[in-house]
Amino acid sequence: MTTSAPGIDEVRARTFPFPRRHFLSALDLNIVEANRLLDLADTFVALNRQTTKKLDLLKGRTLVNLFFENSTRTQSSFELAGKRLGADTMNMSVKNSSVAKGETLIDTAVTLNAMRPDLLVIRHASSGAAELLSQKVGCSVINAGDGQHEHPTQALLDALAMRRVFGDLAGLTVAICGDVLHSRVARSNVNLLSVLGAEVRLVGPPTLLPAGADRWGASVHHDMEKGIAGADVVMMLRLQLERMQGALVPSTREYFRFWGLDREKLKAASDRVRVMHPGPMNRGVEIDSDVADDPAVSLIQDQIEMGVAARMAVLATLAARLDND
């Protein structure tokens with residue numbers, strides 16, 4: 001891992017063409033490509049801790065952030081990533097666009113394509129929206145979350161945060177806990193962590209685990225303490241009440257009692273355990289503040305920092321791919 005601040009020549013030397021034109025799924029990466037991307041992202045972590053953070057790696061390139069759902073961390077980190085690499089960055093406000101007047105996603109794609117962007121980041125409430133958009137535009141598309149399907153750059157930054165603590169992820173035990181049913185983060189993390197050789201567990205009440213979860217390549221557990229027993233990483237997921245149809249949990253108070261992470265439940269995990277959460281957190285619902293804010297175990301702030309670096313790596317490699325097309 002990088003220990004000193006990199007120069008532009010070192011960054012260019014580590015930058016490689018992304019294996020595909022688009023980044024739509026964590027499964028777009030094999031183990032070699034994933035580790036190379038994490039190596040590059042690690043370089044950007046060091047760069048981002050310098051006083052001077054800007055490079056001209058994407059000079060002349062145009063990045064468009066197209067978010068159909070509200071976002072703070074993801075949209076701002078993509079914007080910051082693009083600007084630090086020298087790209088011309090535009091955040092498209094969907095609420096003030098023609099979409100609010102009934103324009104379809106395909107119409108929007110055609111309009112944006114005519115403006116000739118190079119990189120387009122999309123978040124959409126419908127699963128498959130990113131793939132559909134990628135078929136209609138000439139630029140590279142990055143999936144920033146599509147429905148309950150995937151969120152691959154979140155999985156990448158999570159892997160980066162883990163790797164900086166534990167080193168090689170092979171053999172690591174990661175328990176992903178809570179509302180797996182509605183979580184695109186869970187799906188992408190299972191996919192990427194499995195590629196990187198980690199053992200992944202899905203932990204939650206039966207009502208919040210999707211049918212067929214046992215076929216994801218992760219073990220399924222319905223008891224919180226048994227599910228996190230010996231785990232090196234416990235990743236808590238937000239209870240997505242806005243996506244739920246019907247009463248899938250009795251109450252948030254009861255949910256925290258059985259499924260919220262507190263000090264007592266955390267005792268079942270490994271002595272070296274680290275706690276993660278993709279955010280935003282519902283404190284006192286899926287995680288106790290005492291755990292979330294403890295720097296000895298919590299990687300939640302690290303995840304936010306890693307988000308910019310991981311997305312810089314994705315943008316840089318996709319731009320390199322465009323240079324070679």
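Between domain 1 and domain 2 there are ten residue pairs in polar contact, both residues at pLDDT 80 or more. A polar contact is a pair of N or O atoms within 3.5 Å; within protein, one must be able to donate a hydrogen and the other to accept it, and residues adjacent in sequence count only if both atoms are side-chain atoms.

The model is predicted: local features need pLDDT of at least 70 and side-chain atom pairs pLDDT 80 or more, while totals for chains, interfaces and linings use all residues. Residues are numbered from 1 along each chain as its sequence is written, and side-chain values use heavy atoms, without hydrogens and water.

The domain assignment (automatic or from a database) gives the bounds below; contact means heavy atoms within 4.5 Å.

The domain centres, taken over C-alpha atoms, are 25 Å apart. About 2500 Å² is buried between domain 1 and domain 2, with 61% from carbon and sulfur atoms; buried area is the accessible area (1.4 Å probe) that two parts lose on being put together, summed over both.

Three salt bridges are counted between the domains, each a side-chain nitrogen of Lys or Arg within 4 Å of a carboxyl oxygen of Asp or Glu. Arg184 forms a salt bridge with Glu69, with 3.0 Å between the closest N and O atoms.
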